[in-house]
Structures are given as C-alpha cells and as structure tokens.
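This briefing walks through selected local features of a single chain, grouped by topic. Please read it alongside the sequence and the coordinates.

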Amino acid sequence: MINALIERWRPETHTFHFPVGECAVTLEDMAIILSLSTNGLPITGPTMSSVEALEAECLHQFGVAPRKTDCRGSFIKLTWFRGLKDRIVLNDDVHIQMYVKCHIMLLFGTILFRDKSGATVHWNFLPLLRNFGQII
C-alpha cells in the first residue's frame, strides 16, 4: 500500500493523485493520525542563535555545558546526552528531572525530529524544557 501511495505522490503539488481525483493531507488529518491535540496554547519560545546561549541553557538545565566537540553547528550530539544521562545519580527530584530531560532530548533526536545522521538533536528544543516542573 505504501508503494502505491509513493507512486501517486506529486511533489510539485504536495498531493496524491488517485483515479477519482487529488487528495491532499491537511494539518487536521495529521492531528488525527498522530493523536495530537489542536486545542490550547501553542508551544513557542525564543530561539537560540549563539554558542553562548546554548552553553547558558545547558548550564541552567543540566549544570554542565557541552564542549565544542560535542556540538555540530546548531546541533548537540546525542552521545553527549547519553553520557550525561548515564552519569546522573537519581538521588533527588532535581537529578530525576535532569535524567528525564536528557531522555526527552534523546527522543527528540532519535524518533520525533531525527535528522539524516540520527546522531544529533537541534538545540532549539532545550528552552521547551525550561519550566519542567510545570509540565508534569
């Protein structure tokens, strides 16, 4: 079935061409397919555009900043998050939250927003975890 859909996809119009007509996938379709809520406030926040902002965010959330070798442009290597997650001792709520934040960033980089290499995650997701206590 997937091969049939691929053969009918027209990238110039972003639609599927079927014998009965064209079919476009809408945002509402994606919300239903992925079970996403479309009610409530959007997730927004400031964007970070400098290495200093990245370091400050990591220091604030994890108590440690990645080295330049742990970054690739605007991306942080997932190995940095894995190493940090492995070193965290789960002895209080702060460390448990840091552990969960690392796990969430790994999910962003490996499943939800994976890039072609599968080895990095964009640092613009870090501010979304700032008020972690209010999320849970």
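W9, F16 and F18 form one aromatic cluster in this predicted model. Across the structure, the count of aromatic pairs comes to 8.

**Aromatic pairing**
- F108 and F125 form an aromatic pair of the tilted kind, with 4.8 Å from centre to centre and 40° between the planes; the angle is classed in this way because planes under 30 degrees apart would count as stacked and planes over 60 as edge-to-face.
- This pair links distant parts of the chain, since F108 belongs to helix α5 whereas F125 sits in the loop between β6 and α6, 17 residues apart.
- F108 counts as buried because its relative accessibility is 13%, and F125, with a relative accessibility of 13%, counts as buried too.

**The open sheet**
- Three strands make up an open sheet in the order β1-β2-β3, and their pairing is antiparallel.
- The edges are taken by β1 (9-10) and β3 (21-23), each of which has a single partner strand, so one side of each is left without a neighbour in the sheet.
- Strand β2, which covers residues 15-18, pairs with β3 in the antiparallel sense over 3 bridges, and H17 has E22 in β3 as its bridge partner.

**Helix α3 and its two sides**
- Helix α3 runs over residues 51-62, has 12 residues and reaches 16 Å from its first C-alpha to its last, which is close to the 16 Å expected at 1.5 Å a residue.
- Which residues of α3 are buried? They are L54, E57, C58, Q61 and F62, and because these residues cover an arc of only 95° around the axis, they lie on the same side of α3.
- An α-helix has 3.6 residues a turn, so residues three or four places apart point the same way.
- On the other side of α3, by contrast, E52 and H60 are exposed.
- The buried residues of α3 pack against two strands, β4 (71-72) and β5 (75-77), and against two helices, α4 (78-87) and α5 (93-112).
- After α3 comes G63, a residue whose phi is positive, near 80°.

- E57 is found in helix α3 and counts as buried because its relative accessibility is 7%, where the cut-off for buried is under 20%.
- The side chain of E57 makes a polar contact with the side chain of R130, at 2.8 Å.

**Two residues and their C-alpha separations**
- Is R87 buried or exposed? R87, which lies in helix α4, counts as exposed because its relative accessibility is 56%.
- R87 and S50 are 37 residues apart along the chain, and their C-alpha atoms are separated by 27 Å.
- L128 lies in the loop between β6 (120-122) and α6 (132-135), and it counts as partly exposed because its relative accessibility is 33%.
- L128 and L84 are 44 residues apart along the chain, and the separation of their C-alpha atoms is 19 Å.

Notes. Residues are numbered from 1 along each chain as its sequence is written. This is a predicted model: local features need pLDDT of at least 70, side-chain atom pairs count only at pLDDT 80 or more; totals for chains, interfaces and linings use all residues. Side-chain values use heavy atoms; hydrogens and water are left out. Helices (H or I, at least four residues) and strands (E, at least two) are DSSP runs, numbered from the N terminus. The expected span of a helix is 1.5 Å times one less than its number of residues. Buried means under 20% relative accessible area, exposed over 50%, partly exposed in between (1.4 Å probe, protein chains only). The arc is that of the directions from the helix axis to the C-beta atoms. Contact means heavy atoms within 4.5 Å. A polar contact is a pair of N or O atoms within 3.5 Å; within protein, one must be able to donate a hydrogen and the other to accept it, and residues adjacent in sequence count only if both atoms are side-chain atoms. Two strands pair if DSSP finds at least two bridges between them. Rings of Phe, Tyr and Trp (its six-membered ring) pair if their centres lie within 6.5 Å; planes under 30 degrees apart count as stacked, over 60 as edge-to-face and the rest as tilted.
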